[in-house]
Amino acid sequence: RAHLQETLDILGIVQHDLLFEIVDLVHDRDTRGALLFVERLSEGGTDYTQFIKDLLGHLRDVYVVKHTADMPASIAATEEQLDRLRGQAARVAVARTVSFIDLLGEALRSIRQGSDPRLELELVLIKMTAVAAGPAGAPVSAGHPPAERPQKAEPAPPPRMSRARCLRAISRAPLRMRTSWEALKAETREP
């Protein structure tokens, strides 16, 4: 029985080590390392869906530790793991942590709808490492910094007319004679 508990403890530590490692890879924007990490998970027979759930829990702990002075009772970890958690929380940005959590949540929803768990995890990791955040959190390709990113031109809004002016224009237009759109448009132009 003692051997079973030791084995479970070792597996728990290994799992925690993996969670810390992947968060660090994402923080460092190491796409290659993150994808090789997923390959190592595969070789170890890891259940990707469970790993994503564990990673969500870890990211939640990172977020909570970053925002609380005292360690909440909901975070069950050894003192060594708590120190590592505090260190990781100090390094990672809140916005990236929240984005990571959101993307993992979307991945779990896709998996529930039949998507491949490995592919979903890889896509999240690629989005978090190879795609940088631009102004207002908009994704920007890593190859195009925000200043160089091609901007899509917003279409100009159509000219607006007051309701009263529109009604006057319609009332002045005899139905038989003003049937074409161009004639009505010419009649209703603002001065």
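Let's start with F100: leaving aside neighbours within four places in sequence, this residue is in contact with V23, V26, L55, L59, V124, L125 and M128. Please keep in mind that the model is a predicted one.

**The nonpolar core**
- The largest nonpolar core has 35 residues, and F100 is among those that touch the most other members, together with I22, F51, L55, L104, L121 and L125.
- Two or more residues of this core come from each of helix 1 (2-27), helix 2 (31-43), helix 3 (48-67), helix 4 (79-91), helix 5 (94-112) and helix 6 (117-130).
- Helix 3 is the one that gives the most, with nine residues.
- As a general background, nonpolar side chains in soluble globular proteins tend to be buried together.

**Helix 5**
- Helix 5 is built from 19 residues and spans 27 Å from its first C-alpha to its last, close to the 27 Å expected at 1.5 Å a residue.
- The buried residues in helix 5 are T97, F100, L103, L104, G105, A107, L108 and I111.
- A handy reminder for reading such a list: an α-helix has 3.6 residues a turn, so residues three or four places apart point the same way.
- After helix 5 comes G114, which has a positive phi near 110 degrees.

**Salt bridges**
- There are seven salt bridges in the structure.
- One of them pairs the side chains of R91 and D24, at 2.8 Å from N to O.
- Since R91 sits in helix 4 and D24 in helix 1, this pair ties together parts that are 67 residues apart in sequence.
- Both partners are partly exposed: R91 has a relative accessibility of 42%, and D24 has 23%.
- Another salt bridge joins the side chains of E39 and R118, at 2.6 Å from N to O.
- Here too, distant parts of the chain are linked, with E39 in helix 2 and R118 in helix 6, 79 residues apart.
- E39 counts as partly exposed, at 31% relative accessibility.
- R60 and D61 also meet through their side chains in a salt bridge, at 3.2 Å from N to O.
- In that pair, R60 is partly exposed at 38%, whereas D61 counts as buried at 17%.
- Through shared partners, salt bridges join E39, R118 and E122 into one network.

**A nonpolar patch on the surface**
- L119, L123 and I126 form a nonpolar surface patch, with about 220 Å² of accessible area together.
- L123 belongs to helix 6 and is partly exposed, with a relative accessible area of 34%.

Methods:
Residues numbered from 1 in each chain as written. Predicted model: local features only at pLDDT ≥ 70, side-chain atom pairs only at ≥ 80, totals over all residues. Heavy atoms only, no water. Core = buried A, V, L, I, M, F, W, Y, C linked by side-chain atoms within 4.5 Å. Buried < 20%, exposed > 50% of the residue type's maximum accessible area, 1.4 Å probe, protein only. Helix = DSSP H or I, 4+ residues; strand = E, 2+ residues; numbered from the N terminus. Contact = heavy atoms within 4.5 Å. Patch = residues over 30% accessible without salt bridge, like charges linked within 9 Å, V, L, I, M, F, W, Y side chains within 5 Å. Areas by Shrake-Rupley, 256 points an atom, 1.4 Å probe, with all protein chains shown as cover. Salt bridge = Lys/Arg side-chain N within 4 Å of Asp/Glu carboxyl O. Expected span 1.5 Å × (residues − 1).
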